[in-house]
Amino acid sequence: MSTATTKTEPEDVQLAPPDQERLSALLVGQDRPPRPSALSASMAFGWRAMLKIKHVPEQLFDVTAFPIMLVLMYTYLFGGALAGSTEEYIQFLLPGIMVMSVVMITMYTGIAVNTDIAKGVFDRFRTLPIWRPAPMVGYLLGDVLRYLLASAVMLAVGMIIGFRPEGGALGVLAGIALLIVFSFAFSWIWTMFGLLLRSEKSVMGVSMMVIFPLTFLSNVFVDPTTMPGWLQAFVNNSPVTHLATAVRELMAGNWPAADIGWTLGWAGVLMAVFGVVTMRLYNRK
């Protein structure tokens, strides 16, 4: 005679009311993890921005292939006509085209902000117990890597085709550092538009309307002395002109104190104005 064994499913353990009270008291009594500092929160969001590049490497096209194309195209199209040879023109062009390229890619900060808003990610960020500006600062910190990569790519291509900075490594590093500082401040404009406008296409359209005149109406490609007087007045006082001149002179081994001062002053004004406006919009979004 066989005996059948029956298996019973384990039942959920129910705690008696006194046990539930003790467990709740124990959990409440535990210390919460410390609130993240402003720096650690910003770095975490910056790391998030870099991880997005890892998962979508096509985003690096604008900081690799596009800068290479700009350097080669403008050097060999205009070098002979403007300077007599490409070797002479690249000495003037490369610092300026580096400034132009990095300033142009700052607009992708606003596009990334607008995309996250459309997806509802920012609703989650606003509920986190973190420093309020951390998500915005994180975007900008993540884009600093893009600026550095674009600068390195253009410098490498320029060295291959004949660029020789007389300021040496120190002058090159100083010029790139000044460019990064200005670009970080300039990016706050696009974070503001990323919060204001409804779609990423709108952000890109407005950015192009601002960046193209600002970069082309400068001394990036030619010396402004041959321009009409009314145009010279605009070009000589443009922040891009001050930045391009400062980077160019630093790489040439000089110390353009006036242009460095103007560039840092413009950076401070941009951060003070657009940084404040951006955070006010972010808090009300």
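Let's start at Phe 186, which counts as buried because its relative accessibility is 3%. Buried here means under 20% relative accessible area, exposed means over 50%, and partly exposed is in between, with a 1.4 Å probe and protein chains only. Before we go on, please keep in mind that this is a predicted model, where local features need pLDDT of at least 70, side-chain atom pairs count only at pLDDT 80 or more, and totals for chains, interfaces and linings use all residues. Residues are numbered from 1 along each chain as its sequence is written, and side-chain values use heavy atoms, leaving out hydrogens and water.

Back to our residue and its partner. Phe 186 and Trp 190 both sit in helix α8 (residues 168–196), four residues apart, about one turn of the helix. When I say helix, I mean a DSSP run of H or I with at least four residues; strands are runs of E with at least two, and both are numbered from the N terminus. Trp 190 is buried too, because its relative accessibility is 0%.

Now for aromatic rings. How many aromatic pairs does the structure hold? There are eight aromatic pairs. The rings of Phe 186 and Trp 190 make an edge-to-face pair, because their centres are 5.5 Å apart and their planes are at 85 degrees. The rule takes rings of Phe, Tyr and Trp (its six-membered ring) with centres within 6.5 Å; planes under 30 degrees apart are stacked, over 60 edge-to-face, and the rest tilted.

Phe 212 is partly exposed at 35% relative accessible area, and Phe 216 is partly exposed at 33%. Both rings belong to one aromatic cluster, together with Tyr 74, Phe 78 and Phe 221.

Leu 77 is in helix α3 (residues 65–83), and it is exposed, with a relative accessible area of 53%.

On to charges. How many salt bridges are there? The count comes to two salt bridges, each being a side-chain nitrogen of Lys or Arg within 4 Å of a carboxyl oxygen of Asp or Glu. Asp 116 and Arg 48 form one, at 3.1 Å from N to O. This pair links distant parts of the chain, with Asp 116 in helix α5 (residues 107–119) and Arg 48 in helix α2 (residues 38–55), 68 residues apart.

Arg 146 is buried at 5% relative accessible area, and Asp 143 is buried at 10%.

One last stop: Ser 101, in helix α4 (residues 86–105). Ser 101 is buried, with a relative accessible area of 0%. Which residues is Ser 101 in contact with, leaving aside its neighbours within four places in sequence? They are Pro 67, Leu 70 and Met 154, where contact means heavy atoms within 4.5 Å.
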